[in-house]
Amino acid sequence: MRRPFIRLLGALLLSLSASALAHPALWVARQGSSTVYLFGTVHLLPHDTDWRFPALQKALDQSQALYIEITDDSQAHMTALVLRYGLDPAHPLSSLLTQQEQVRLAAAAKTAGVPGGSATLNVMHPWLAALTLSVAPLLKAGLDPRQGVDKQLKAQMSADGKPVHGLENAAEQIRFFADMSPSLQLSFLRQTLDDTENAATELKTLIDAWKRGDTDAIARLESTELRQHDPRLYRILIVRRDQAWAVKIASMLKQPGTIFVAVGAAHLAGPDSVQAALAARGIRVQRLP
């Protein structure tokens, strides 16, 4: 998804090859007395989404701890980070975009339902304007970040008295975008302007693929288009993070016990997935039925 955290939306076709599984994909890696489960998440869901299944619950029950992407994502903390890294009133977007792009920005803001319209976006760095345009239509369509799979898993494990850790922290995730070069930020924004009108429909298509366990479709919907459109952005948001997480998971497998790792579904699909990074380190990951 177009945040580490919320999207990388793409094409609309679904593969039928995995539809018979009828539940999200779950993987396991084992070494000696160590077990790590891997589960892909979606960060926004409709309220009535049914995604749990017996094998998932068994894996959660067996696990002594949960790792998700970030845990320090309170509204106050995220707001402080956005204010620090995301706003740049001294260099308004209108000074960076062509007249035609400014018209498109205003139209996209209206379509997405951004409060305050393009004036709100005008004081943002391009990366934040892009994320805002990505998320606003999803919220407008009834997709709720509070219903995100990672949020629900965190609540469940915390209620069971089990620790929940972050593979990253909120500042790291923000800086994946904030540290992009100006040209890459503008490329990200321009791509988002092309996607805004269909964002909600495309994310719902992604959710359908995720619910069916169709990782081939997830790879096409998220990773493939991003890799083809902008390899630089793909490497920052997918490849580097998957490789870093693989290093951490490999360390987990050196300690006895069972750990449950839940990250965005795009990171567990495609040629540069976490599983592929683990395989490169000699660690076999098996998909569970």
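Visitor: Where do Glu 69 and Arg 241 lie, buried or exposed?

Guide: Buried means under 20% relative accessible area, exposed over 50%, and partly exposed in between, with a 1.4 Å probe and protein chains only. Here Glu 69 and Arg 241 are both buried. The model is predicted: local features need pLDDT of at least 70 and side-chain atom pairs count only at pLDDT 80 or more, while totals for chains, interfaces and linings use all residues. Residues are numbered from 1 along each chain as its sequence is written, and side-chain values use heavy atoms, with hydrogens and water left out.

Visitor: What do the side chains of Glu 69 and Arg 241 form?

Guide: Side chains of opposite charge can pair when their charged atoms come close. The term salt bridge is used for a side-chain nitrogen of Lys or Arg within 4 Å of a carboxyl oxygen of Asp or Glu. Glu 69 and Arg 241 form one, at 3.1 Å from N to O. This pair joins distant parts of the chain, 172 residues apart: Glu 69 is in the loop between β3 (65-68) and α2 (75-85), and Arg 241 is in helix α11 (residues 231-252). Helices (H or I, at least four residues) and strands (E, at least two) are DSSP runs, numbered from the N terminus. Glu 69 and Arg 241 also belong to a salt-bridge network with Glu 168.

Visitor: How many salt bridges are there by this rule?

Guide: The count is eight. One of them is between Lys 151 and Asp 73, at 2.5 Å from N to O. Lys 151 sits in helix α6 (residues 149-159) and Asp 73 in the loop between β3 and α2, 78 residues apart. Lys 151 counts as partly exposed because its relative accessibility is 33%; Asp 73, at 22%, counts as partly exposed too. Arg 175 and Asp 179 form a salt bridge as well, with their closest N and O atoms 3.1 Å apart.

Visitor: What is the radius of gyration of the chain, and what would a compact globule have?

Guide: The radius is taken over C-alpha atoms, and the globule rule is 2.2 Å times the number of residues to the power 0.38. For 289 residues the rule gives a value near 19 Å, and the chain has 19 Å, so the two agree.

Visitor: How many helices and strands does the chain have?

Guide: There are twelve helices and six strands. Buried residues make up 53% of the 289 residues. A contact means heavy atoms within 4.5 Å. Of the contacts with a separation of 6 or more, 85% are between residues 24 or more positions apart.
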